[in-house]
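Here's a walk through one protein chain, from a single residue out to the whole fold. Take a look at the sequence and model before reading on.

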Amino acid sequence: MAAAAGDAHPWPIYNARYRVIAPILDADGDLVTAAASLDSEISQDTAGFVDATNEATEITTSSGMYFLDLIATELDTKSTAVIIKTSTAGAKTTPLVLYPRRLPVVRTGTAQAGAATTITLDASADADNDFYAD
C-alpha cells in the first residue's frame, strides 16, 4: 500500500510507511524548482546507501519542496539516513536522518469474534470498558 498525504504521522514509526517532506536547495539557499533526474537513496543503520523504493516528487509545480514516500521496511531500523540528489546544476544534495519510534505493544492475541464496528478480544484480555482506549 502506498503512502499518501492523509497517512502522515508527526514522526516516523518503526516498520511503518512514512512521507518525508524536504526542500532541494542551491548553493545560495534558494529553492530548486523542477529538479531533474531525482535520485533518492537510503542507508539503514549506517549501512551503505542504496536506492529507495520510491523517488522524491515535487509537491506542486515550481514549489521547490519535495516529498518521498518511504515503505515500512525502509524504516525497520534504529536510524534511516536519506539523501535526495538531482542532476540540476547548482543544486545540493538534501540529507535527512530519521529515527523511527518503536510503539509499545498494547495487546496481542487472536480475536474471538468481530464485525464491521465491533471486536471481541481473546478470552484473557481485560474486560474493563475503554481499558485499551487511547
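Val 106 counts as exposed because its relative accessibility is 59% (exposed means over 50% relative accessible area, buried under 20%, partly exposed in between, with a 1.4 Å probe and protein chains only). Its place is the loop between E7 and strand E8 (113–114); strands here are DSSP runs of at least two residues, labelled E and numbered from the N terminus. Tyr 132 sits 26 residues away from Val 106 in sequence, and the C-alpha to C-alpha distance is 7.5 Å.

A word on the source: this is a predicted model, where local features need pLDDT of at least 70, side-chain atom pairs count only at pLDDT 80 or more, and totals for chains, interfaces and linings use all residues. Residues are numbered from 1 along each chain as its sequence is written, and side-chain values use heavy atoms, with hydrogens and water left out.

Now for the sheet. Strand E6 (residues 80–85) has 5 of its 6 residues buried, so the rest of the structure largely encloses it.

| Strands | Sense | Bridges |
|---|---|---|
| E2 (residues 39–44) and E6 | antiparallel | 6 bridges |
| E6 and E7 (residues 94–98) | antiparallel | 5 bridges |

Residue by residue, Ser 43 has Ala 81 in E6 as its bridge partner. On the E7 side, Ile 84 is bridged to Thr 94, while Thr 80 is opposite Leu 98.

What about the protein as a whole? There are 9 strands and 0 helices (a helix would be a DSSP run of H or I, at least four residues). The radius of gyration, taken over C-alpha atoms, is 20 Å, well over the 14 Å that the globule rule gives for 134 residues, so the protein is more spread out than a compact globule; that rule is 2.2 Å times the number of residues to the power 0.38. Along the principal axes, the C-alpha atoms fill a box of roughly 65 × 30 × 20 Å. Buried residues come to 31% of the 134.

How values were computed: Pairing = 2+ DSSP bridges.
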